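This report looks at charged contacts and one surface patch. The sequence and structure come next.

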Amino acid sequence: MSLAPGYAEAHNWMSVGLYVTGDAAGALASASRAVALNPLSAESVSNLGCCYLFNRRLEQALKETRRARELGGDYATAAFYEAITLYELERYPEAEALLEDLVIPGWGSA
């Protein structure tokens, strides 16, 4: 990233692009950089948790998704990623409890 190496939001979105193109390790590196630059961004911390999940680093994913929820209050995507992580850890009742009434704005509801 040569134009604005200190722009946290760019690193955050770059991590999304890297994961979508199959570079889970690169996505994690970019998400980590975004959080290092802006550690109080619930969106970036949630994305970091998601990247840990994609890299099968489940305990770290759980830690970061929970931290994102603490930072963002009602940042629903963090709860969604936390629930997926709990499911992968076979902690099904906890995952179900998080998903029970979860509504993510823009994603619709069933």
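A residue is called buried when its relative accessible area is under 20%, exposed when over 50%, and partly exposed in between. By that cut-off Glu-64 is buried, because its relative accessible area is 8%. The model is predicted.

**Salt bridges**

Six salt bridges turn up in a search of the whole structure.

| Pair | Distance, N to O |
|---|---|
| Arg-56 and Glu-88 | 2.9 Å |
| Glu-64 and Arg-67 | 2.8 Å |
| Glu-82 and Arg-69 | 2.7 Å |

Start with the pair inside a helix. The side chains of Glu-64 and Arg-67 meet at 2.8 Å. Both residues belong to helix α4. They are three residues apart, so about one helical turn separates them. Glu-64 is buried at 8%. Arg-67 has 27% relative accessibility and therefore counts as partly exposed.

Next comes a pair between helices. Glu-82 and Arg-69 form a salt bridge, and their closest N and O atoms are 2.7 Å apart. Arg-69 lies in helix α4 and Glu-82 in helix α5, so the bridge ties together parts that are 13 residues apart in sequence. Is Glu-82 buried or exposed? Glu-82 is buried, with a relative accessible area of 3%. Arg-69 is partly exposed, at 30% relative accessibility.

This pair also belongs to a network. Salt bridges link Arg-66, Arg-69, Glu-82, Arg-91 and Glu-94.

Arg-56 and Glu-88 meet through their side chains at 2.9 Å, N to O. The two residues are 32 apart, and the pair links distant parts of the chain. Arg-56 sits in the loop between α3 and α4 (58-72), whereas Glu-88 is in helix α5 (residues 76-88). Glu-88 is partly exposed, because its relative accessibility is 33%.

**A nonpolar patch**

Which residues form the nonpolar patch on the surface? Tyr-19, Val-20 and Phe-54 do. Together they have about 280 Å² of accessible area. Phe-54 is placed in helix α3, which covers residues 42-54. Its relative accessibility is 32%, so Phe-54 counts as partly exposed. Patch membership requires over 30% relative accessible area and no salt bridge. Phe-54, at 32%, is therefore above that cut-off.

Technical notes:
Residues are numbered from 1 along each chain as its sequence is written. This is a predicted model: local features need pLDDT of at least 70, side-chain atom pairs count only at pLDDT 80 or more; totals for chains, interfaces and linings use all residues. Side-chain values use heavy atoms; hydrogens and water are left out. Patches are made of residues with over 30% relative accessible area and no salt bridge: like charges are joined within 9 Å, nonpolar side chains (Val, Leu, Ile, Met, Phe, Trp, Tyr) within 5 Å. Accessible areas come from the Shrake-Rupley method with a 1.4 Å probe; for residues, only the protein chains shown count as cover. A salt bridge is a side-chain nitrogen of Lys or Arg within 4 Å of a carboxyl oxygen of Asp or Glu. Helices (H or I, at least four residues) and strands (E, at least two) are DSSP runs, numbered from the N terminus. Buried means under 20% relative accessible area, exposed over 50%, partly exposed in between (1.4 Å probe, protein chains only).
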